[in-house]
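Here is a short report for a first look at this structure. Start with the view below, then read on.

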Amino acid sequence: MPRTRTTNADIDRLNYDPAAPYRLDLEIFPMSDLRCRFGKEIVRTTHRYAFHMLVCVTQGTCTQLVDFKPVRCEPGSLLILRPGQTHNFGHDEHWEGWIILFRPEFLLTASMPASDLKVSVDLERLPEHSRLRDEEWRRVADVILQMRQDTMIDAPPEDVHALLRYQLYALLSRLVISYDSLEGRDETSARARQRFQRFQQLVEKHFAKWHQVADYAQQLGCLEKSLTRAAMAAVGMSAKAFISSRINLEAKRLLVHTGLPVAVIAENLGFDEATNFIKFFKREVGFTPAEFRRAHMQ
């Protein structure tokens, strides 16, 4: 499990740093192992990850917090957490599941041709939380168990890395196929989804500077209306609302998990004046930044 790095100016982050002598870029362990190794304190603490995490619930039920949203999980539930998200396993103790950690670059190595990078986009196509059907869940559970066993193979690390990478590609591809079959994707929706994915990637990169839909439409070479239609189809909100929600999410993270003054947060998020940020935040969230901070620090 990664170690914690703490500063007052940023959210506590967990970096991928497994304990020696483990040397692989992917680690799999049961939730019970995490509790035994680190205790309740770290499990119940909110962290921001610098790696990908898959949480696969096998027994019991629990409610976990992902970016301030409670997510109810039960057997068959799959949580996919991306670098930068904040997460808390919650206070429920009577559940079990597999935890899979891997570095973002584990799927993207310099030696891979461009044609092999498709899975990095596919990962973004998967929902944050889903519940697999029984037959599909059994297949996924079997793959995870096999991967867990293969992390213990006595072989050169580069060979084990190659094996685990192929297995992870296969697992993620299976999940994408399963999700697409449930959603009934067609060619038109696929094009809209691809446009939204490009938009989402740009928002993640530029939300602190680009606040207008026009900025993203120009970069993507499309009309603002087309971008809004794609966002509505993908996440049920307009492109403008999607940008605002991403700005507010980062504001919430910084308000609750750092000691930064509101004025500094406003500046970091691209607002010329703190008063403009305060008005924006209150309009979207229903609380002033100070009220939100106090409510979540109690």
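## Two helices in contact

Helix H8 (residues 239-257) packs against helix H11 (residues 289-297) at an angle of about 55°, and their axes are 9 Å apart. Axes are lines fitted to C-alpha atoms, for helices over the stretch in contact, and angles run from 0 to 180 degrees between N-to-C directions. H8 and H11 are therefore oblique to each other. Angles under 35 degrees count as roughly parallel, over 145 as roughly antiparallel, 65 to 115 as roughly perpendicular and the rest as oblique.

On the H8 side, Lys252, Leu254, Leu255 and Val256 meet Pro289, Phe292, Arg293, His296 and Met297 of H11. Contact means heavy atoms within 4.5 Å.

## Model and numbering

This is a predicted model: local features need pLDDT of at least 70, side-chain atom pairs count only at pLDDT 80 or more, and totals for chains, interfaces and linings use all residues. Residues are numbered from 1 along each chain as its sequence is written, and side-chain values use heavy atoms, with hydrogens and water left out.

## An enclosed strand

Five of the five residues of strand S3 (residues 26-30) are buried, so S3 is largely enclosed by the rest of the structure. Buried means under 20% relative accessible area (1.4 Å probe, protein chains only). Leu26, Ile28 and Pro30 lie on one side, Glu27 and Phe29 on the other.

S3 pairs with strand S10 (residues 96-102) in the antiparallel sense, over five bridges. Two strands pair if DSSP finds at least two bridges between them. Phe29 stands opposite Ile99 in S10.

## The whole chain

The protein chain holds 11 helices and 11 strands. Helices (H or I, at least four residues) and strands (E, at least two) are DSSP runs, numbered from the N terminus. Of its 298 residues, 44% are buried.

Key:
Buried means under 20% relative accessible area, exposed over 50%, partly exposed in between (1.4 Å probe, protein chains only).
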